[in-house]
Amino acid sequence: MPLVLKTTPFHPRTAPLVRAQTWRRWAGYQVASAYDPHPDREYAAIRNAAALFDVSPLHKYRITGPDAVRLLDRLVTRDVTRCAVGQVLYTPWCDGRGKMLDDGTLSRLDEGTFRLTSAEPNLRWLTMSAAGMDVTIEDVSERTAALALQGPLARTILETVCPADLRALRYFRLLHGTVRDIPVTISRTGYTGDLGYELWVNGERALPLWDALVEAGAPYGITPAGIWALDIARIEAGLVMLDVDYFSAHHALIPDQLSSPFELGLGWTVSPGKGPFTGRRALHDERTRGRAWAFVGLGIDWDSFERLYRQRGLPPQLPTVAWRGSAPVHVDGRQVGYATSGCWSPLLKTYLALAHVRAAHAQPGTGVQLELTVEHRRQRADAVVTPLPFLDLERKRA
Amino acid sequence: MSERRDVIVIGAGANGLAAAATLARAGLAVTVLERSPAIGGLRRTVEFAPGFHAAPTAATSGWLPPALARDLSLSVPVRTVPDISLTVALAPGDFLPFPHDSRLAADAIRRHSVRDAAAWPAFTAQVGKLAGFLADLYQRPAPDVATTGLRDVAGLLRIGLRLRALGRADMAEFLRIVPMSVRELLDDRFDCEPLKAAVAAGGVRDLCQGPRAGGTGFVFLHHLVGAAPGSVRDRGYWRDGPEADVAALDALARRTGVTIRTDTAVSRILVHDDAVTGVALATGEELAATQVLSTADPAATLLGMVDPVWLDPELVHAVRHIKFRGATAVVLYALDALPERTGLPAASLAGVVSLTPQLDALERAADAAKYGDVSEHPHVEIVMPSVRWPAVAPAGKHVVIARAQYAPYRLKNGETWDGARREALADRVSHLIDTAVPGFLDRVLHRAMFTPADFEARYGLTEGALTHGELTLDQVLFMRPIPGLAHYAMPLTGLYLGGAGAHPGPGVVGAAGWLAARRVLRERTT
Amino acid sequence: MTARRYDAIVVGAGHNGLVAAAYLARAGRRVLVLERRPLVGGAAVTEEVFPGFKFSVFSYVVSLLRPEIIRELDLPRHGLQILPLESTVTPLDHGDYLASWADPDETRRELCRHSPRDAEAMGVFGRLMQHMAMAVKPILSMVPPDPGSLAPSDLAGLLRFGRHMRGLGPERFHALFKLMTMSSADYLDEWFEFGPLKATKSASGIIGTFLGPRSPGTAYVLLHHYMGEIDGAFRAWGFQKGGTGAISDAIAGAARACGAEIRTDAAVERVLVRGGHATGVALASGEEIAAPVVMSGLDPRRTFTQLVDPGELPADLVEGVRRFKFRGSSAKVNLALAGLPEFTCLPGPGPHLRGAFSISPSVEYLERAYDDAKYGDFSRRPYMDIVLPSMIDPGMAPPGKHVMSIFVQYAPYARTGGWTDAARDALGDAVVETLARYAPNLPSLILHRQVLTPLDVERITGLSEGNIFQGELALHQLFFLRPVPAWARYRTPIRGYWQCGAGTHPGGGIMGASGRLAANELLGSAAR
């Protein structure tokens, strides 16, 4: 009998490192939540040295053919006709009602070749969107392995093994190069809000790539890191996660579970001038009419938080890993929204949450209350609407 | 071009002409674009042999709804109802006719089954009454079952009351018959096999399914809408010629100032900002208009003429899955005379003659289509237009139209309708007719064969479907052509669908075009 | 007349009869259930057909049993215990297989092997089915209103039904309409591309019907079976510990606990009617038992034309019952095995042996199976749904030995030439031979074989024409048309004579809803 879950091409390297057997599922793969029992050291590497993530479970599609630009431009909300070769777009895509289906990066690998990454499988939707077009869509998820090297020393490490001019590689650009003679595509992207790269490699060369990076990075403190650390970093960076912060319109059971890009703080990705794309009419209407919901950061007031615990005779208990769930958000005793992720930011020393609130309460500085369970009781801690991202590092795009 | 043009209508068939006339009477400037050299669409006759004319796509006349005629003040052509609208061949030279006078029919049936003869008059009366209920539904837009608009609720209540007005028993029977199979419908009431087979064939007309399929009860009723009382097939014919209905609509359209351009194929519908701006012709010429009403089928219109980037992928998916499934082939015959001593009652010649006297034969013919095969023994029905209208053939000579099922558009293993396959089917049809009507083949001067592939190539019918989409229950009324688009307005501002792919569908002359045009008018005023 | 007075007599101790009896008893009525056979359960029985080998002789898996019945009758306390049936494996002709496993990721991965697009579509399809089940659920627990009636309760019911339908919103309403009218194969064609997947899914649309997967109307049966996976108490097909008979025993136990009396070996010959009123029943033994209410759990044909004199009934009702379609189309083959079968596609032991096997390699295979039946014979290569209950519940067979339950379609009741012993054997041979193509060692393992044709099902259980649903689940035989228009509200024209079998709405499967609705309708009408 085959194993229930798939393993990534890096598994032979990562498996022995998962010291506490803290595995989890990600898109049908078995991946590490953390290599240590706690993510602290791995998180620290993201912000102080370099962390190495196996992000192979991402879905990846290769799109080629004369109508590739037409297909992608009608699929996503950003203007693909203006995507240069070597450019990467972060973009959501929507259904006909202008509600989010998924989000990911779209890379123009060469004039006629694109790679789209996504959290969920999208082959069916891509195929449906391509009706009547001359285009080839290939699911290359399994044969393409991916690593994310993230952190202030990421470039330094990469430069020791990659001859390409990485300083010239700007934010959201990619290049085709080598790492110790292994052909890789390197994109200046990531899910941490830090200086970082993502490396895309044929699955067969995955292990040598891992070895090269770990070896080259050892003097700089390169640290294999898992999802727990990534989760904290992405919350600090204010990046949404499918199935956590929003649901795909394909999976929503009721209208309340739908979100538009505007409602997720992704209004900037909806190109106002571009040609036809799925959801265009609805999104243009929403732009005019105004969004009903907003996606905001919440900074939980420490004193208020501590007081809730002190009342019960306890010291404040912070979540050790990021939580994913649902916590009601109130204003003046009325529920105005709900938080979907939260964590203690070791860097900002603040308890952060990402939340959906009704548009009227989205102004930065608005005081709200976040429902928390303290010693079996529901309590409300004061919080303030904070602009996203919480953490906006200069080096991210430098 | 500087002339004013408010609406472009694509297609000059009955629906296109009815739509154009409706719009022009309201004062709009209308241009009708027709890809063929002549108007008429599927009702158009062709000269398939020197001096011999027939419409391969319309063996029988349709029903012209009285409400349409009233609304447009149309002079309705005179209808002739033959005494015998349906006859079934039992054995070579032996036939069972079904006169629409139910007493005469009962007499004919009694020879085979006394019980059936007794049941016949009540059966024809009941199905006639139930078809009458459909007739009412077919003269207005499909009920919008799922919306909450007040107008629609009132419409639904009206339908509910009309349904109840059928009386308790007939209402229940209507609800039962619509989803059931025509075979069960007949098995419940009759024993006589040829009777059941002949009547059941009306329930599988132009359908890629056999008489055991659910929903064929509905198809049977659909084709009875507007039929003469007592008739179990077809609605008679226009006294003044096979195209009398389109001629009347054409005259009306021209009188109201409609411009009709033939030999003008539309290649694309032009769209800007989710709104129609005109059409591009095959010649490259572009014609501007803010409203375009297409009477081409839904796939030909939405997938063939509109750039898919303007359409929701879900919608495209739904249109791609409309069941067209053309399965009817037609053979036209030019005869130098009618064969003598055929055994066929003279009065049957003006009606339909079915050559399939067993339900299982009909079912087996349909089985082949399930697997992408052409029926070994197709179900064949013939009509003789030259008996109705001597002018369609040279003096003393005749035309026979044979409709053969099942000849599926989609053949197994990706095979195609090549010449050999076409001729093989035509030969089979000829042989079947010659068996039932001995001496037939000796009279044939010429024959012309039309397969679903031919219908697609020559008439632009997707998958060669004469129906513009099968009349299955999931594709009629508020589900036609696809759910959510049943009220003629397509999802692009200014684009309307008014062909047989829209409610009420095939066989109802001009109704979809007329109702679509009324929708256009309503939207212009609001 | 016997001395003891009963408030109600239930004819037939099938699961619906037992459910009705339990609800009546629970409401304080003195109830007597009369069963012709020596054991309760009707088509949900466990019998030791061969020494040491126990079989769920007819109905063999469960998922549809209404959760409210389980709760209200407290069935787990009376022995209800459903064991999971976690996988379905469809062996394919070239030695491969298609499987669905308990784990969604594992199933996805398996599907991806055959079609990544289908794996993806499955998720979206699953959501839609969930919506559809939610849309249908209230209808399952609704007494059908009579659209031809002007009675306030009917008008209110119609209004409620109308409001429910409109409340679904256009998208879900249209999706439901499609499910009600389409063929399962056409419906699945809109979603999936991998043939064996479509075939295996569409197979649940043909169960118990005399229709092929391309026949319109089968998509509803598909939903009917999906209901259990979504709304059923078990959210999957399961296997009752001790066989389906143990479900009947649990319901019977609940009924008895409420004071109902159940007599087996007590065949009711007719219902006694005086002055348009039911007054009791007469048994085959000649004994007469009086009661003001008689509830028949038998199918409509027996209820209206056998238990009572059709002359007592309106002609249109009798005609409607005559037209009600049974057309039993399925057979059951029960095998006692010396060991485990070895499937070529998944050799050796494994979790797949604790699940179901579906012999449905393609839609065309199923259609051809149907074609055989249309022209009067059983399918030479039938559709089969197979489980090995002894793998799930070891108590069903002696240690190391096994029982195999094979549901077979099509086997038409009205077989040309009739169901002779030779024909029955030929059917059994066709089943074993077909199965041996996928599990070659099977024939050598067979110790005993029981073949039940639709005629056998009719003879043993009394189900007319051997139809497992007490009448086909076709659109024209559902809701207010089940079993006949105007008499779909569990009543009959004879006062005090009620129907509660699966031949009434919503019918079919071990669901119990008909019995519950009938009992509640009776109790409600008495209260009014």
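## Close-up views of a predicted three-chain model

**View 1. T303(C) has its place in helix α11 of chain C.** Helices here are DSSP runs of H or I with at least four residues, strands are runs of E with at least two, and both are numbered from the N terminus. This is a predicted model, in which local features need pLDDT of at least 70, side-chain atom pairs count only at pLDDT 80 or more, and totals for chains, interfaces and linings use all residues. Residues are numbered from 1 along each chain as its sequence is written, chains are lettered from A and ligands numbered from 1 in the order in which they are written, and side-chain values use heavy atoms, with hydrogens and water left out. With a relative accessibility of 0%, T303(C) counts as buried, a word that means under 20% relative accessible area, whereas exposed means over 50% and partly exposed lies in between (1.4 Å probe, protein chains only). Leaving aside residues up to four places away in sequence, T303(C) touches S296(C), L298(C), V308(C) and Y497(C), where contact means heavy atoms within 4.5 Å. The side chain of T303(C) also reaches the backbone oxygen of L298(C) at 3.0 Å. From C-alpha to C-alpha, T303(C) and Y413(C) are 20 Å apart in space, and they are separated by 110 residues in sequence.

**View 2. Helix α17 of chain C, residues 454-461, is largely enclosed by the rest of the structure, because six of its eight residues are buried.** The buried residues of α17(C) are P454(C), L455(C), D456(C), V457(C), E458(C) and T461(C). Just after α17(C) comes G462(C), which takes a positive phi of about 90 degrees.

**View 3. H224(C) is found in helix α9 of chain C, which covers residues 218-230.** At 2% relative accessibility, H224(C) counts as buried. When residues up to four places away in sequence are not counted, H224(C) touches L64(C), L473(C), P506(C), G507(C), G508(C) and M511(C).

**View 4. Chain B and chain C meet in a contact that takes 39 residues from chain B and 41 residues from chain C.** The area buried between chain B and chain C is about 3,700 Å², and carbon and sulfur atoms give 54% of it; buried area is the accessible area (1.4 Å probe) that two parts lose on being put together, summed over both. On the side of chain B, R164(B), R212(B) and Y371(B) lose the most area to chain C, together 18% of what that side buries. Nine salt bridges are counted between chain B and chain C, a salt bridge being a side-chain nitrogen of Lys or Arg within 4 Å of a carboxyl oxygen of Asp or Glu. In one salt bridge, the side chains of K374(C) and E363(B) meet at 2.6 Å, N to O. Helices α5 (150-165), α6 (168-177) and α13 (359-370) of chain B each supply at least two residues of the side that touches chain C, and the largest share, six residues, comes from α6(B). By class, the side of chain B that touches chain C divides into 15 nonpolar, seven polar and 17 charged residues; Ala, Val, Leu, Ile, Met, Phe, Trp, Tyr, Cys and Pro count as nonpolar, Asp, Glu, Lys and Arg as charged, and the others, Gly among them, as polar.

**View 5. Chain A and chain B meet in a contact with 15 residues from chain A and 16 residues from chain B.** The area buried between chain A and chain B is about 1,300 Å², of which carbon and sulfur atoms give 52%. R74(A), M128(A) and R281(A) supply 38% of the area that chain A buries against chain B, more than any other three residues. Four salt bridges are counted between chain A and chain B, and the side chains of R70(A) and D307(B) meet in a salt bridge at 2.5 Å, N to O. The elements of chain A that give two or more residues to the side touching chain B are α3 (68-75), α4 (123-129) and α8 (280-289), and α4(A) gives the largest share, four residues. The side of chain A that touches chain B has five nonpolar, five polar and five charged residues.

Notes
A polar contact is a pair of N or O atoms within 3.5 Å; within protein, one must be able to donate a hydrogen and the other to accept it, and residues adjacent in sequence count only if both atoms are side-chain atoms.
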